[in-house]
Amino acid sequence: MVNIKDERLKLEHKIDSLASLEQGWDSYDADPIPEKSRKLAKEFLKRLFDLNPNISLPLVGPTNQPGVLFVWRKGGKEVSIEVTDKGVKLLVISSSIFKENSVLQVKKMDIVISKTIPYLTEFNL
(Lines give C-alpha, C1' and ligand atoms only; values in the text may rest on other atoms or scores of the structure.)
Protein backbone atom coordinates (compact mmCIF):
# COMPACT_ATOMS: atom_id res chain seq x y z
CA MET A 1 0.00 0.00 0.00
CA VAL A 2 1.26 3.47 -0.90
CA ASN A 3 1.92 5.77 2.02
CA ILE A 4 0.76 9.23 0.91
CA LYS A 5 2.90 10.98 3.54
CA ASP A 6 6.00 9.24 2.20
CA GLU A 7 5.06 10.13 -1.36
CA ARG A 8 4.60 13.78 -0.44
CA LEU A 9 8.00 13.77 1.27
CA LYS A 10 9.48 12.42 -1.96
CA LEU A 11 7.94 15.38 -3.78
CA GLU A 12 9.54 17.77 -1.31
CA HIS A 13 12.91 16.04 -1.80
CA LYS A 14 12.48 16.31 -5.57
CA ILE A 15 11.87 20.06 -5.18
CA ASP A 16 14.93 20.33 -2.91
CA SER A 17 17.02 18.46 -5.51
CA LEU A 18 16.38 21.26 -8.01
CA ALA A 19 18.87 23.31 -5.99
CA SER A 20 21.64 21.30 -7.65
CA LEU A 21 20.84 22.67 -11.11
CA GLU A 22 23.55 25.07 -12.22
CA GLN A 23 23.54 28.02 -14.61
CA GLY A 24 22.71 26.73 -18.09
CA TRP A 25 21.07 23.49 -16.87
CA ASP A 26 18.66 23.57 -19.85
CA SER A 27 21.38 24.15 -22.49
CA TYR A 28 19.96 27.65 -23.04
CA ASP A 29 21.63 29.48 -20.17
CA ALA A 30 18.72 29.09 -17.72
CA ASP A 31 19.37 30.36 -14.22
CA PRO A 32 19.49 28.02 -11.22
CA ILE A 33 16.19 27.51 -9.40
CA PRO A 34 16.16 30.06 -6.54
CA GLU A 35 15.58 28.98 -2.96
CA LYS A 36 12.54 31.28 -2.77
CA SER A 37 10.91 29.47 -5.72
CA ARG A 38 11.56 26.07 -4.16
CA LYS A 39 10.21 27.23 -0.80
CA LEU A 40 7.05 28.68 -2.38
CA ALA A 41 6.56 25.47 -4.37
CA LYS A 42 6.64 23.38 -1.19
CA GLU A 43 4.25 25.80 0.48
CA PHE A 44 1.91 25.60 -2.51
CA LEU A 45 1.80 21.79 -2.36
CA LYS A 46 1.25 21.75 1.38
CA ARG A 47 -1.63 24.20 1.18
CA LEU A 48 -3.17 22.40 -1.80
CA PHE A 49 -3.07 19.02 -0.04
CA ASP A 50 -4.30 20.55 3.22
CA LEU A 51 -7.41 21.75 1.38
CA ASN A 52 -7.93 18.52 -0.54
CA PRO A 53 -5.84 15.53 0.60
CA ASN A 54 -7.33 13.30 -2.14
CA ILE A 55 -5.63 15.11 -5.00
CA SER A 56 -3.18 12.87 -6.83
CA LEU A 57 0.53 13.62 -6.72
CA PRO A 58 1.93 15.71 -9.60
CA LEU A 59 5.03 15.30 -11.67
CA VAL A 60 7.69 17.80 -10.53
CA GLY A 61 10.37 19.49 -12.58
CA PRO A 62 12.25 22.75 -13.20
CA THR A 63 11.23 25.62 -15.44
CA ASN A 64 13.54 28.12 -17.09
CA GLN A 65 11.66 31.09 -15.55
CA PRO A 66 13.39 29.88 -13.18
CA GLY A 67 10.95 27.98 -11.03
CA VAL A 68 9.24 24.72 -10.16
CA LEU A 69 6.64 23.05 -12.37
CA PHE A 70 3.87 20.74 -11.15
CA VAL A 71 1.96 18.74 -13.78
CA TRP A 72 -1.10 16.54 -13.46
CA ARG A 73 -2.06 14.61 -16.67
CA LYS A 74 -4.75 12.14 -17.50
CA GLY A 75 -6.49 11.21 -20.72
CA GLY A 76 -5.39 14.23 -22.77
CA LYS A 77 -6.16 16.65 -19.95
CA GLU A 78 -3.48 18.59 -18.14
CA VAL A 79 -3.19 20.98 -15.25
CA SER A 80 0.19 22.69 -14.81
CA ILE A 81 1.29 24.98 -12.02
CA GLU A 82 4.46 27.03 -12.34
CA VAL A 83 5.86 28.53 -9.15
CA THR A 84 8.56 31.19 -9.35
CA ASP A 85 9.80 33.81 -6.93
CA LYS A 86 7.47 36.24 -8.76
CA GLY A 87 4.25 34.27 -8.33
CA VAL A 88 2.22 31.25 -9.35
CA LYS A 89 0.82 30.49 -12.81
CA LEU A 90 -1.96 27.99 -13.58
CA LEU A 91 -2.34 26.46 -17.07
CA VAL A 92 -5.31 24.23 -17.79
CA ILE A 93 -5.63 22.22 -20.99
CA SER A 94 -8.93 20.61 -22.07
CA SER A 95 -11.49 21.56 -19.45
CA SER A 96 -15.28 21.66 -19.62
CA ILE A 97 -15.14 24.60 -17.20
CA PHE A 98 -13.36 26.66 -19.86
CA LYS A 99 -13.80 25.55 -23.48
CA GLU A 100 -10.25 26.48 -24.37
CA ASN A 101 -6.90 26.53 -22.66
CA SER A 102 -6.81 28.83 -19.67
CA VAL A 103 -3.87 30.64 -18.12
CA LEU A 104 -4.12 32.43 -14.79
CA GLN A 105 -1.07 34.23 -13.51
CA VAL A 106 -1.31 35.85 -10.11
CA LYS A 107 0.97 36.53 -7.23
CA LYS A 108 -1.56 35.38 -4.62
CA MET A 109 -1.17 31.67 -4.02
CA ASP A 110 -4.62 31.31 -2.41
CA ILE A 111 -6.34 32.39 -5.62
CA VAL A 112 -4.44 29.86 -7.74
CA ILE A 113 -5.11 27.10 -5.21
CA SER A 114 -8.83 27.90 -5.17
CA LYS A 115 -8.88 27.80 -8.99
CA THR A 116 -6.78 24.62 -9.22
CA ILE A 117 -8.84 22.30 -7.03
CA PRO A 118 -11.96 22.34 -9.28
CA TYR A 119 -9.86 21.39 -12.31
CA LEU A 120 -8.10 18.56 -10.52
CA THR A 121 -11.46 17.35 -9.23
CA GLU A 122 -13.09 17.61 -12.67
CA PHE A 123 -10.23 15.73 -14.29
CA ASN A 124 -10.25 13.12 -11.50
CA LEU A 125 -6.54 13.78 -10.95
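Strands are DSSP runs of type E with at least two residues, numbered from the N terminus. The legends below describe close-up views of a predicted model.

**Figure 1. Residue S80 within strand β3 of the predicted model.** S80 belongs to strand β3. The relative accessible area of S80 is 6%, and the residue is therefore classed as buried, the cut-off for that class being under 20%. A polar contact links the side chain of S80 to the side chain of E78, at 2.8 Å. When neighbours within four places in sequence are left aside, the residues in contact with S80 are L69, F70, V71, K89, L90 and L91.

**Figure 2. Pairing of strands β2 and β3.** Strand β2, formed by residues 67-74, pairs with β3 in the antiparallel sense, and eight bridges connect the two. Within this pairing, V71 stands opposite S80 of β3; V71 is also among the residues in contact with S80. The hairpin of β2 and β3 has two residues between the strands. In this hairpin, G75 adopts a positive phi near 50 degrees.

**Figure 3. Pairing of strands β3 and β4.** Strand β4 comprises residues 87-93 and runs antiparallel to β3, to which it is joined by seven bridges. V83 is placed opposite V88 in β4.

**Figure 4. The largest pocket and its lining.** The volume of the largest pocket is about 180 Å³. Two elements each give two or more residues to its lining, namely α1 (4-17) and α2 (35-51). The greatest contribution comes from α1, with six residues. The lining consists of I4, K5, R8, L9, L11, E12, K42, L45, K46, F49 and D50. By class, the lining contains five nonpolar and six charged residues, with no polar residue.

Key:
Residues are numbered from 1 along each chain as its sequence is written. This is a predicted model: local features need pLDDT of at least 70, side-chain atom pairs count only at pLDDT 80 or more; totals for chains, interfaces and linings use all residues. Side-chain values use heavy atoms; hydrogens and water are left out. On a 1 Å grid over the protein atoms alone, a cavity is a set of points where a 1.4 Å probe fits but cannot get out, and a pocket is an open set with protein on both sides within 12 Å along at least five of seven lines; lining residues have an atom within 4 Å of a point. Grid points are joined across faces, edges and corners, and a volume is the space filled by probe spheres set on the points. Helices (H or I, at least four residues) and strands (E, at least two) are DSSP runs, numbered from the N terminus. Ala, Val, Leu, Ile, Met, Phe, Trp, Tyr, Cys and Pro count as nonpolar, Asp, Glu, Lys and Arg as charged, and the others, Gly among them, as polar. Two strands pair if DSSP finds at least two bridges between them. Buried means under 20% relative accessible area, exposed over 50%, partly exposed in between (1.4 Å probe, protein chains only). A polar contact is a pair of N or O atoms within 3.5 Å; within protein, one must be able to donate a hydrogen and the other to accept it, and residues adjacent in sequence count only if both atoms are side-chain atoms. Contact means heavy atoms within 4.5 Å.
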